[in-house]
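Open the model in your viewer and keep the selection panel at hand. We will go stop by stop.

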Amino acid sequence: MPENFTYSQVQDYLAKLTPERPAELQKMEAYAQEHRFPIIGPAAGQFCYLMARLVSAQAVFELGSGYGYSTAWFARAVQENGGGVVHHTVWDETLSQMARQHLQVLGYDQMVQYHVAEAVQTLQETPGPFDLIFNDIDKAAYPDSLPVIEEKLRPGGMLIIDNMLSGGRIFDGDNTSPNVAGIHEFTRLITTSPDWVVSLVPIRDGLVVAQKRG
Ligand SMILES: C[S@@+](CC[C@H](N)C(=O)[O-])C[C@H]1O[C@@H](n2cnc3c(N)ncnc32)[C@H](O)[C@@H]1O
């Protein structure tokens, strides 16, 4: 395999392959750039949309939803899958309000349930099961979220979890930050568990995609 291309070349190429988005989604992308807010971005969004279609997701739970950019991709899939629910969960009231406005303009508001609360606890308290769970909370909390996710996902359901490359920090053996430690521990837990079929997809900051065994 030729090795004379870079990670960022591949990422730029993936971004270019992503079809044009509605104006409101582009507005959300511009806001993220301007305010350096960490959204999943178009290529990972398109990938999440595809995954949600592939599992015919009609019940999605999102942990760490920000102002609703990733939510919009899942809502689009759920709508095309015949309708259902997407849970938007963030502990910041302002972000939740922003999400409500954006998702209303996009026409998904009726499908979305908003929670302003800690995400793992909210998942624990929300009746499932879910077809797809997306996790994008603070990375130090990833390991403790796994048992709750496993309990709430239906057999054959899909987990997608973001930032599993952590900007390359996972390759730095001297990095002892709680976030990087959380990513290492989560990776170890899920890849050694007999209950999951797992792969890491190197789109943007790395998405772990895992299916709960039936
Ligand atoms: C990376 S951003 C979310 C981006 C969003 N998924 C997207 O791609 O559009 C994570 C957001 O979740 C919030 N958050 C982090 N940990 C959380 C937790 N345990 N419970 C609720 N919200 C959390 C953060 O404050 C931030 O607003």
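Leaving aside neighbours within four places in sequence, with which residues is Thr126 in contact? Select Thr126 and look around: the contacts are Phe61, His87, His115 and Lys152. Contact here means heavy atoms within 4.5 Å.

Before moving on, note what you are looking at. This is a predicted model, in which local features need pLDDT of at least 70 and side-chain atom pairs count only at pLDDT 80 or more, while totals for chains, interfaces and linings use all residues. Residues are numbered from 1 along each chain as its sequence is written, and side-chain values use heavy atoms, with hydrogens and water left out.

**Stop 1: around Thr126**

Stay on Thr126. It is found in the loop between helix 6 (119-125) and strand 4 (130-135). Helices (H or I, at least four residues) and strands (E, at least two) are DSSP runs, numbered from the N terminus. Thr126 is buried, because its relative accessible area is 9%. The classes are: buried under 20% relative accessible area, exposed over 50%, partly exposed in between (1.4 Å probe, protein chains only).

Now select Pro129, in the loop between helix 6 and strand 4. Check the peptide bond from Gly128 to Pro129: it is cis, with omega near -5°.

**Stop 2: His115**

Select His115, in strand 3 (residues 112-116). His115 has 16% relative accessibility, so it counts as buried. Show its side chain together with that of His87: the two make a polar contact at 2.8 Å. A polar contact is a pair of N or O atoms within 3.5 Å; within protein, one must be able to donate a hydrogen and the other to accept it, and residues adjacent in sequence count only if both atoms are side-chain atoms. Not counting residues up to four places away in sequence, His115 touches Phe61, His87, His88, Thr89, Val90, Thr122 and Thr126.

**Stop 3: the ligand**

How many residues surround the ligand? There are 19, and the closest are Ile40, Ser70, Glu118, Ala119 and Asp136. A residue counts as near if one of its heavy atoms lies within 4 Å. Colour the shell by class: twelve residues are nonpolar, four polar and three charged. For these classes, Ala, Val, Leu, Ile, Met, Phe, Trp, Tyr, Cys and Pro count as nonpolar, Asp, Glu, Lys and Arg as charged, and the others, Gly among them, as polar.

Next, display distances from ligand nitrogen atoms:

- Glu118: an N or O atom of its side chain is 2.7 Å from a nitrogen atom of the ligand.
- Asp136: an N or O atom of its side chain is 2.9 Å from a nitrogen atom of the ligand.
- Gly64: a polar backbone atom is 3.0 Å from a nitrogen atom of the ligand.

Taken alone, the ligand exposes 610 Å², and the protein buries 90% of that. Areas come from the Shrake-Rupley method with a 1.4 Å probe; for residues, only the protein chains shown count as cover.

**Stop 4: the cores**

Select Phe74, Leu103, Tyr108, Leu132 and Ile160. In the largest nonpolar core, which has 42 residues, these five touch the most other members. A nonpolar core is a set of buried Ala, Val, Leu, Ile, Met, Phe, Trp, Tyr and Cys residues joined through side-chain atoms within 4.5 Å. Apart from this core lies another, of 26 residues, including Ala119, Phe130, Leu153 and Val208.

Zoom in on Tyr108. Beyond residues up to four places away in sequence, Tyr108 touches Ala72, Ala75, Arg76, Gln79 and Leu103.

**Stop 5: helix 1**

Select Tyr7, found in helix 1 (residues 7-17). Tyr7 is partly exposed, as its relative accessible area is 41%. Its side chain reaches the backbone oxygen of Arg204 at 2.6 Å. Leaving aside neighbours within four places in sequence, Tyr7 is in contact with Leu165, Pro202, Ile203, Arg204 and Gly206.

Move along helix 1 to Tyr13. Is Tyr13 buried or exposed? At 53% relative accessibility, Tyr13 counts as exposed.

**Stop 6: two positive phi angles**

Select Ser56, in the loop between helix 3 (41-54) and strand 1 (59-63). Ser56 is not a glycine, yet its phi is positive, about 50°. Ser56 counts as partly exposed, at 46% relative accessibility.

Finish at Asn163, in the loop between strand 5 (153-161) and helix 8 (178-192). Asn163 is not a glycine either, and has a positive phi of about 65°. Asn163 counts as buried, at 14% relative accessibility.
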